[in-house]
Amino acid sequence: MPSTKRNPDSDHSEIQIRPLVMEDLPAVIGVAVRAWEDTYPTIISRAQMKYMHGLFNTQEAFQRQIEQEKQDFLLAVKDDEIVGYASFLPTAEGEYRLSKIYVAPEAKGQGVGKRLLDAQIARHRPNTLRLFVNRLNFPAVNFYFKQGFEIEAVQD
């Protein structure tokens, strides 16, 4: 009986990209928390993580980001589950900043981050796109290098 190898790239077509609606917030917050818990324990302290969750990963924080900061959120959905999200933030200079890309740990390596980044770029067509990433978050730094980003500056 012939065997077939599963092609990991075949999962990319199953990922749907769509805008966030407010009813998505509990699931999006869940992705954020799981992504942070998967990424940051070796980079920042638990106290810092707790502080950052309160600052960025609550219903109120997302509502502020959407309504006041005018961040544009796109979601990655696979099998009716939200597996990642990205947001763009318009700047005063008329450029865009990639505010965040978070992918659920179980969806990493499936092209979710790339699909989200490509969709946001296609949606806004920015001349310049900037982002901040923790220099110790090596998987994220490597992801951005693979996407063609360059280091503009290093700051603490």
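**Figure 1. The second largest pocket of the predicted model holds about 180 Å³ of space.** A pocket is an open set of points on a 1 Å grid over the protein atoms alone, where a 1.4 Å probe fits, with protein on both sides within 12 Å along at least five of seven lines. Grid points are joined across faces, edges and corners, and the volume is the space filled by probe spheres set on the points. The lining, meaning residues with an atom within 4 Å of a point, comprises 13 residues, of which Lys78, Asp80, Glu81, Ile82 and Val83 are the closest to the pocket centre. Two or more lining residues come from each of α1, β2 (72-78) and β3 (81-90); helices (H or I, at least four residues) and strands (E, at least two) are DSSP runs numbered from the N terminus. Six lining residues are nonpolar, one is polar and six are charged. Ala, Val, Leu, Ile, Met, Phe, Trp, Tyr, Cys and Pro count as nonpolar, Asp, Glu, Lys and Arg as charged, and the others, Gly among them, as polar.

The model is predicted: local features need pLDDT of at least 70 and side-chain atom pairs pLDDT 80 or more, whereas totals for chains, interfaces and linings use all residues. Residues are numbered from 1 along each chain as its sequence is written, and side-chain values use heavy atoms, without hydrogens and water.

Figure 2. Beyond its neighbours within four places in sequence, Glu37 contacts Arg46, Met49 and His53, a contact being heavy atoms within 4.5 Å. The side chains of Glu37 and His53 form a polar contact at 3.4 Å. A polar contact is a pair of N or O atoms within 3.5 Å; within protein, one must be able to donate a hydrogen and the other to accept it, and residues adjacent in sequence count only if both atoms are side-chain atoms. Tyr102 lies 65 residues from Glu37 along the chain, with 11 Å between their C-alpha atoms.

Figure 3. Gln120 is buried, its relative accessible area being 0%. Polar atoms of the Gln120 side chain lie 2.8 Å from the backbone oxygen of Asp72 and 3.3 Å from that of Ala86. Leaving aside neighbours within four places in sequence, Gln120 is in contact with Asp72, Phe73, Leu74, Ala86, Ser87 and Phe88.

Conventions: Buried means under 20% relative accessible area, exposed over 50%, partly exposed in between (1.4 Å probe, protein chains only).
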